[in-house]
Amino acid sequence: MCSRVAGMLLATVLVVPGFAVAQDEPSTVLPGRTSLEEFRRMALESNKQLMISRERMRKADYQNKEAFAAYLPGIDFAGGYVYNQRELSIFDSDQLLPTKSFDLATQSYQFNIVKNPVTGEPIKGPNGQYIPETVALIPKEAMTYDIHNVFFGAITLTQPVFMGGKIVAMNNITKAAQRAARELHISEAENVIYAVDAAYWQVVSLKAKESLAKSYVNLLDSLNRNVHLMVREGVATRSDVLSVEVKLNSAQVDLSKVENGLVLSRMALAQVCGLPVDARFTLADEGSDAPAVDGVAPTENYDMENVFANRPDLRALEESVEVARQQKKVAMSSMLPSLAIVGSYEFSNPNMYDGFKKQFKGAFSVGAMLRIPIWHWGGNYNKYRAAKSDEISRRLQMENARELVTLQVKQAAFKTKEAYKTYHTAMSNLAKADENMRTATLAYKEGVATADNVMEAQTAWLKAHSEEIDAAIDVQMCRVYLSKVLGTLYR
């Protein structure tokens, strides 16, 4: 993978041979030689995806505080106004109520009823009812109330006592979401660092190849002058001159491609680090030679449990499993009783607390509210089973991710080891190519070799140096990628 990444980046900047970049005055110039660590720092500070992940972390923190607030009593106010068209009247007309008098003979109250003066029997009216002797008058107006304008309100306090474990589970969910957001932020930071390293080593690679291409052009230019001198002396032909000039022109075109690619790769590095694309800087690892490589290849055997513990993406998956487990408890809470204490102060205008008065007055009330689910046609239970299936699904995703990470680590370690082998082989070939070009040049000067022999040796020399640069960069990228898959890139 590492060599493919480097190859694709190189191909990207070299696909347009005739591309030329305008060299305007730069908007930013970094002083001195900027190290890889400094580029990483700038990228971590300016990357938009990291800014988004930071906001997600803040969001998770706020949600955790929101969930914790459910433990505490809630205080609410509600109020309103109602206009009524009619007044409220208890009676439709004046009311005549019979009265009672105390009877000494019976030692009780008796209705005052009209009696026959002869027989002493109560007299009934046409409607079959006894006729009261005295009545109490209740006017209709006395029982009519003005409710045209009614104002009311209430201040309510609600304290959850037991919600079936829902509040505890929701707090655990938000805490797991907090941890997952932090792990995803670390994972995104690793992606940014890997992108910075890829762009950084691409610049180093092209800078080395630029120096190599210039050296190759100088070699061919020197050979071209020598061939022209030998033509004048009659020991070389016009065909030799044309062959060298064609090769020289081709080398100059290749140099132009590398120079354009270097400018574009610097732009890509600047963009990743949040700098203006026309920023000017010099990399600490820039030089005429390929970057130095540690001669010791990393091991291929790793403690996978430590790797699993270091990988932020796996830790985020673990938190998602915990979220699913707590969501199962939330679903279970819908099948359990819930209890809350409720207190309120209610007031209205007009009020009926001390007769009907058009003024604000209220009273306190305290109570408890109990809810017991009885029958919901299996809806709550199916909700619980769905949450349980989701937990199982996430656990399986975790197991699958661990298997893939194990494969990823094995492949990255193997490719890193192979990159070291390739690098050592390239170094061996480089020494042979240097010696081959030296002997070919001497043989040509002594007249025992042709210009074609020298150009073949120079081409082999160019290829060997180019392969050394590619191998060195491949080692650097493979090591970075291995650190990423081991979870140790961002510490």
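Buried means under 20% relative accessible area, exposed means over 50%, and partly exposed lies in between, using a 1.4 Å probe and protein chains only. By that rule Glu391 is buried, and Lys328 is buried too. This is a predicted model, where local features need pLDDT of at least 70, side-chain atom pairs count only at pLDDT 80 or more, and totals for chains, interfaces and linings use all residues. Residues are numbered from 1 along each chain as its sequence is written, and side-chain values use heavy atoms, with hydrogens and water left out.

Start with the strands. Helices (H or I, at least four residues) and strands (E, at least two) are DSSP runs, numbered from the N terminus. Two strands pair if DSSP finds at least two bridges between them. Strands of a sheet pair through backbone hydrogen bonds, either parallel or antiparallel. Here four strands form an open sheet, ordered S2-S9-S11-S12, with antiparallel pairing. Strand S2 (74–83) and strand S12 (361–371) stand at the edges with a single partner strand each, so one side of each has no neighbour in the sheet. Neighbouring strands of this sheet are turned by 20° against each other on average, direction ignored. Inside the sheet, strand S9 (residues 149–162) pairs with strand S11 (residues 338–349) in the antiparallel sense, over eleven bridges.

Another pairing involves S10. Strand S1 (residues 29–34) and S10 pair in the parallel sense over three bridges. Thr34 stands opposite Leu283 in S10. Side chains alternate along S10. Phe281 and Leu283 point to one face and are buried.

Now the helices. Two packed helices are described by the angle between their axes and the distance between the axes. Axes are lines fitted to C-alpha atoms, for helices over the stretch in contact, and angles run from 0 to 180 degrees between N-to-C directions. H4 and H5 pack at an angle of about 160°, with axes 8 Å apart. That makes H4 roughly antiparallel to H5. The angle classes are: under 35 degrees roughly parallel, over 145 roughly antiparallel, 65 to 115 roughly perpendicular, and the rest oblique. The H4 and H5 crossing is left-handed; that is, the near helix is turned anticlockwise from the far one by less than a right angle, while clockwise would be right-handed. The contact of H4 with H5 has 22 nonpolar, six polar and ten charged residues. Ala, Val, Leu, Ile, Met, Phe, Trp, Tyr, Cys and Pro count as nonpolar, Asp, Glu, Lys and Arg as charged, and the others, Gly among them, as polar.

Lys207 is found in helix H4 and counts as partly exposed at 23% relative accessibility. Lys207 and Leu262 are 55 residues apart in sequence, yet 6.6 Å apart in space, C-alpha to C-alpha. Ile173 also lies in helix H4 (residues 166–233). Ile173 is buried, with a relative accessible area of 12%. Ile173 and Lys421 are 248 residues apart in sequence and 49 Å apart in space, C-alpha to C-alpha.

H8 and helix H9 (residues 451–486) also pack at an angle of about 160°, with their axes 7 Å apart. H8 and H9 are therefore roughly antiparallel. Their crossing is left-handed. The contact of H8 with H9 divides into 27 nonpolar, eight polar and six charged residues.

Finally, the charged pairs. A salt bridge is a side-chain nitrogen of Lys or Arg within 4 Å of a carboxyl oxygen of Asp or Glu. By this rule the count comes to 23 salt bridges. Glu286 forms one with Arg266, the closest N and O atoms being 2.8 Å apart. Glu286 lies in the loop between strand S10 (280–283) and helix H6 (304–310), and Arg266 in helix H5 (residues 238–272), so the pair ties together parts 20 residues apart in sequence. Glu286 is buried at 12% relative accessibility, and Arg266 is buried at 17%.

Glu305 forms a salt bridge with Arg402, the closest N and O atoms being 3.9 Å apart. Glu305 lies in helix H6 and Arg402 in helix H8 (residues 379–445), so the pair ties together parts 97 residues apart in sequence. Arg402 counts as partly exposed, at 25% relative accessibility. Glu391 forms a salt bridge with Lys328, the closest N and O atoms being 2.9 Å apart. Glu391 is in helix H8 and Lys328 in helix H7 (residues 312–333), 63 residues apart. Elsewhere, salt bridges that share partners join Glu37, Arg40 and Asp197 into one network.
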